[in-house]
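Colleague: Please take one part of this model and go through it closely. I would like the aromatic ring pairs, with the core and the helices around them.

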Amino acid sequence: VIHVIVHYGGIPLYLAIFIMMLLAAYLGLYVSIFASGVVYLKNKGIHIFAVAPFLWTTLEYAKAYLLSGFPWENLAYSQWSILPIIQIADITGIYGITFLIIIVNIALFEIIRTRFAWKSLGFGLIA
């Protein structure tokens, strides 16, 4: 990105590095908002299965359209080579794939966190 800013934008290298740092900080805000939101809502008694997938997917959607849009590094893009998973994109778009990735990861997290206590995963396993 720095090379593109310098080469095609005609901006000095030091300024391009600063712009790249601002971009990294901007993208990092989404992860921090997600983590803060999950902790806040979990402390309010809302289960993590009901919070995390919706919050991450909403933040990815917002990132794609706020401030003229920046749809880079969406989770769904990581599944480009796994055809059985990306088939749902016909119906849900990339945000459905993102939702699926998050809910599977939350289920795995809960399984590990509860030391494989399947009874405590009721809602998560149903989801």
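Modeller: Confidence across the protein chain is highest in helix H2, at a mean pLDDT of 92. It is lowest in helix H7, residues 122-126, at a mean of 58. This is a predicted model. Where pLDDT is low, the predicted coordinates should not be read in detail. The chain as a whole averages 86, and 90% of the residues score at least 70.

Now the rings. Searching the whole structure gives 5 aromatic pairs. Take Phe-34 and Trp-56. Their ring centres are 4.9 Å apart and their planes stand at 85 degrees. Over 60 degrees counts as edge-to-face, so this pair is edge-to-face. Phe-34 sits in helix H2 and Trp-56 in helix H3, so the contact ties together parts 22 residues apart in sequence. Both Phe-34 and Trp-56 are buried.

Next, Phe-54 and Phe-99. Here the centres are 5.0 Å apart and the planes are at 65 degrees, so this pair is edge-to-face too. Phe-54 belongs to helix H3 and Phe-99 to helix H6. The two are 45 residues apart, and the pair links distant parts of the chain. Phe-99 has 25% relative accessibility, so it counts as partly exposed. The cut-off for buried is under 20%.

There is also a tyrosine cluster. Ring pairs join Tyr-61, Tyr-65 and Tyr-95.

Phe-34 leads on to the core. The largest nonpolar core has 14 residues. Those touching the most other members are Phe-34, Val-38, Ile-48, Phe-49, Ala-52, Leu-55 and Ile-106. H3 gives the most, with 7 residues.

That leaves H6. It has 20 residues, which at 1.5 Å a residue should span 28 Å. The end C-alpha atoms are 28 Å apart, in agreement with that figure. Which residues of H6 are buried? They are Tyr-95, Gly-96, Ile-97, Thr-98, Ile-101, Ile-102, Ile-103, Ile-106, Ala-107, Glu-110 and Ile-111.

Definitions and conventions:
Residues numbered from 1 in each chain as written. Predicted model: local features only at pLDDT ≥ 70, side-chain atom pairs only at ≥ 80, totals over all residues. Heavy atoms only, no water. Core = buried A, V, L, I, M, F, W, Y, C linked by side-chain atoms within 4.5 Å. Buried < 20%, exposed > 50% of the residue type's maximum accessible area, 1.4 Å probe, protein only. Helix = DSSP H or I, 4+ residues; strand = E, 2+ residues; numbered from the N terminus. pLDDT = per-residue confidence, 0-100. Phe/Tyr/Trp six-rings, centres within 6.5 Å; stacked < 30°, edge-to-face > 60°. Expected span 1.5 Å × (residues − 1).
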